[in-house]
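Open the model in a viewer and keep the sequence panel beside it. The stops below say what to select next and what is there.

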Amino acid sequence: MHLPQRLALRDGEVVRATIRRSKLVPAPTALIGGSLIVLAFFLIVPLLSSRPFGLIGFVLLLATGVVLFIRAWWFWYRTVLMVTDLRVIDLDQVGVFHRVIAEARFDRIDDLALEIKGIIATIFRLGTIQIQTAGASALIELRNLPHPEHVHEMLSALQHDAQHRATVPPPGVAVLDLSAYTTIELVRLRERIDLALRAREGGDV
């Protein structure tokens, strides 16, 4: 699956994984849709013999079953977690014409939490991963993920690598001795860094 055009990969960014929710999530709706399709053909003879209402009933059963089945598959397919070496991108299809996109850069992640709750989640190994980013008041929640331990381990490793890279200066770049700065100079330096980061983040959108 390709990223949407407005979320094109950045220079040097590599997709590590594409993860969807468990197929158990759309299964109930898909099962109902499939049952209605089977029921429509099972009753096709008595329904078509009592026209026109029987024909209307057959068409309604068949159409409802097809719509429910396709809708369940489409919502499952369009809700996806993209993991690159730089960030996590959560694409959530919450309505036919409503899609929510959230992302978190690994170097801005403060906390990763894993939750497996309930009998069904324990039996089928489903879980929720919560991502808390620096300065964000809301969590990014990735629900009903299959094998959540593996996903959590992968995200933790990428987070560690990103934060390690952020603390190691590029080759040829001197490390500043901050102890030589006064408090006022450090405050001014922090303000300049904040402005530069906001400008860079604005250019990356």
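Start by selecting Ile120, which is found in helix 4 (residues 119-124). Helices here are DSSP runs of H or I with at least four residues, strands are E runs of at least two, and both are numbered from the N terminus. At 57% relative accessibility, Ile120 counts as exposed. The classes are buried for under 20% relative accessible area, exposed for over 50%, and partly exposed in between, with a 1.4 Å probe and protein chains only.

Some ground rules apply to every stop. This is a predicted model, in which local features need pLDDT of at least 70 and side-chain atom pairs count only at pLDDT 80 or more, while totals for chains, interfaces and linings use all residues. Residues are numbered from 1 along each chain as its sequence is written, and side-chain values use heavy atoms, with hydrogens and water left out.

Accessible areas come from the Shrake-Rupley method with a 1.4 Å probe; for residues, only the protein chains shown count as cover.

Zoom out to the whole chain. It has six helices and seven strands, in the order β-α-α-α-β-β-β-β-α-β-β-α-α along the sequence. Of its 205 residues, 27% count as buried. The chain exposes about 13800 Å², of which carbon and sulfur atoms supply 63%.

Which residues touch the most other members of the largest nonpolar core? Select Leu81, Val83, Phe106, Ile129, Ile131 and Leu155; the core has 18 residues in total. Two or more core residues come from each of strand 1 (15-20), strand 2 (80-84), strand 5 (109-115), strand 6 (126-133), strand 7 (140-146) and helix 5. Helix 5 gives the most, with four residues. A nonpolar core is a set of buried Ala, Val, Leu, Ile, Met, Phe, Trp, Tyr and Cys residues joined through side-chain atoms within 4.5 Å. In soluble globular proteins, nonpolar side chains tend to be buried together.

Stay on Val83 and show its contacts (heavy atoms within 4.5 Å). Beyond four places in sequence, its partners include Val15, Ile19, Phe106 and Leu155.

Move along helix 5 (residues 148-167) to Gln159. Gln159 is buried, with a relative accessible area of 12%.

Ile109 leads on to Thr133, with which it is in contact. Thr133 sits in strand 6 and, at 15% relative accessibility, counts as buried.

For a stop elsewhere, select Ala40 in helix 1 (residues 27-42). Is Ala40 buried or exposed? It counts as buried, because its relative accessibility is 0%. Ala40 touches Leu47, Phe58, Leu61 and Leu62. Ala40 and Phe58 are 18 residues apart in sequence, yet 5.6 Å apart from C-alpha to C-alpha.

Finish with the charged pairs. The structure holds five salt bridges, each a side-chain nitrogen of Lys or Arg within 4 Å of a carboxyl oxygen of Asp or Glu.

- Arg87 and Glu13 meet at 2.8 Å, N to O. Arg87 is in strand 3 (residues 87-95) and Glu13 in the segment before strand 1, 74 residues apart. Both are buried.
- Arg125 pairs with Glu149, the closest N and O atoms being 3.8 Å apart. Arg125 lies in the loop between helix 4 and strand 6 and Glu149 in helix 5, so the pair ties together parts that are 24 residues apart in sequence.
- Arg143 pairs with Glu141 at 2.4 Å between the closest N and O atoms. Arg143 is partly exposed at 48%, and Glu141 is partly exposed at 30%.

Last, select Glu13, Arg87 and Glu103, which salt bridges with shared partners join into one network.
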